[in-house]
Amino acid sequence: MGQRTSRPQTASAEETAARRAETQHQKWLREQRELVTQTMRFSQVDRPCPKCKKMQRAEEFETHLVCCLTKPALEFNTDVLEVDQGECIICYEDLLSQQVIARLPCLCIFHEHCLKDWFKVREECPSHPSSDD
Ligand SMILES: [Zn+2]
Ligand SMILES: [Zn+2]
Ligand SMILES: [Zn+2]
């Protein structure tokens, strides 16, 4: 089959986008590295991880932090309740019909805004904290 070779100019836009994406990734990596370095200056003693708030031993702190920062966030689905459910254990108020809720993989449900606030502090189910020690 007679194939026509496309002009090199068409590829350049994609190349620029790829390079920009790479630069953003590099920026992200550098930020993570700076965070680790900053944290290390104060890490001669056992202290909690700034991400998951779990206590880490000084010599394991850096390794843990790198793992913790690169770990994907816990995902949840949002839904609108059709019937009233029990208490939201974050705010202690009832989950009522027509409210927007967030459902975690463990099937626990909370008000969406409650779970989002919770995730700012720790990204795990309030009822099912992970224990990875
Ligand atoms: Zn952590
Ligand atoms: Zn709530
Ligand atoms: Zn749960």
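Ground rules. This is a predicted model: local features need pLDDT of at least 70, side-chain atom pairs count only at pLDDT 80 or more, and totals for chains, interfaces and linings use all residues. Residues are numbered from 1 along each chain as its sequence is written, and chains are lettered from A and ligands numbered from 1 in the order in which they are written.

Start with the sheet. It is open, with three strands in the order E3-E4-E5, and the pairing is antiparallel. Strands and helices here are DSSP runs, numbered from the N terminus: E of at least two residues, and H or I of at least four. Two strands pair if DSSP finds at least two bridges between them. At the edges sit E3, residues 77–80, and E5, residues 109–111, each pairing on one side only. From one strand to the next, the twist averages 35 degrees. Angles run from 0 to 180 degrees between N-to-C directions, with axes fitted to C-alpha atoms, for helices over the stretch in contact.

Now the bridges. E3 and E4, residues 100–103, are joined by four. E4 and E5 have three.

Contact means C-beta atoms, placed from the backbone, within 7 Å. Take Leu115. Beyond its neighbours within four places in sequence, Leu115 contacts Phe76, Ile90, Ala102 and Phe110.

In soluble globular proteins, nonpolar side chains tend to be buried together.

Last stop, the hairpin of E4 and E5. Five residues lie between the strands, and Leu107 takes a positive phi near 75 degrees. Pro105 is in that loop. Is Pro105 buried or exposed? Exposed, because 11 other C-beta atoms lie within 10 Å. The cut-offs are 20 or more for buried, 12 or fewer for exposed, and partly exposed in between. Pro105 and Leu74 are 31 residues apart along the chain, with their C-alpha atoms separated by 8.4 Å.

Notes. Contact = placed C-beta atoms within 7 Å.
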